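Hi there,

Here is the structure I promised to pass on. Have a look at it first, and then read my notes below.

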Amino acid sequence: SSTNCGRMAAPEWLAAKPGSPLAAAADPATAFTVFAPNDRAFQALVASLTGKWYGTEARVTNELITALGPTAIDTIESVGLYHIYAGGRVKFATAKTLSGQSIPSALGPTIKLKYYSWINLLVLGDKDTNAANPFVVNSKRNIDAGNSIIHGISFVLRPMDLPPLAR
């Protein structure tokens with residue numbers, strides 16, 4: 001799996017929303033930390049929204065856009081901003097010392113960090129009480145991306161509490 005947003009490249013989303021604050025990520029003078037969901041995270045998100053599991057990237061993307069409806073681009077932008085900490089490059093070793101604290105996202109709502117030392121796991125608490133919180137994938141942490149540090153995560157961070165899926 002990739003560590004970018006499900007291989008749905010930022011330029012594709014940015015082209016649909018000129019002037020997006022996500023464009024700051026392209027500024028090499030801006031230092032930040034990204035918690036990047038892997039492909040499986042997007043599959044799980046779509047499954048939680050639709051009740052169905054899709055195996056291909058194209059199908060996951062199409063179903064996500066369909067599930068979000070007319071607000072898809074704005075919602076994707078908001079969720080993208082929620083995955084960014086604009087306070088600088090934070091390596092895993094530093095992030096785990098912040099256990100129990102909340103850090104602000106570029107969207108505004110905070111992300112609570114919880115480190116479990118006995119299994120070397122950093123869990124990111126989001127605003128959705130009905131879904132599992134993502135964790136930093138140990139093999140995908142501290143990815144140096146020039147002006148940013150990227151940590152691959154297991155699920156998509158949710159900046160709001162979504163109702164459980166009606167079946």
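A word on terms first: a residue is called buried when its relative accessible area is under 20%, exposed when it is over 50%, and partly exposed in between (1.4 Å probe, protein chains only). Strands are DSSP runs of E with at least two residues, numbered from the N terminus.

Please keep in mind that this is a predicted model, where local features need pLDDT of at least 70, side-chain atom pairs count only at pLDDT 80 or more, and totals for chains, interfaces and linings use all residues. Residues are numbered from 1 along each chain as its sequence is written, and side-chain values use heavy atoms, with hydrogens and water left out.

I began with strand β5, residues 121–125, where 5 of the 5 residues are buried. L121, V123 and G125 point one way from the strand, while L122 and L124 point the other way.

Two strands count as paired if DSSP finds at least two bridges between them. β5 runs antiparallel to β4 (residues 110–116), with 5 bridges joining them; G125 in β5 is the bridge partner of K112. The hairpin of β4 and β5 has 4 residues between the strands, and N120 takes a positive phi near 50° there.

On the other pairing, β3 and β4 are also antiparallel and are joined by 3 bridges, with T110 in β4 as the bridge partner of P104.

Put together, this is an open sheet of 3 strands in the order β3-β4-β5. β3 (102–104) and β5 each have a single partner strand, so one side of each is left without a neighbour in the sheet.

Happy browsing!
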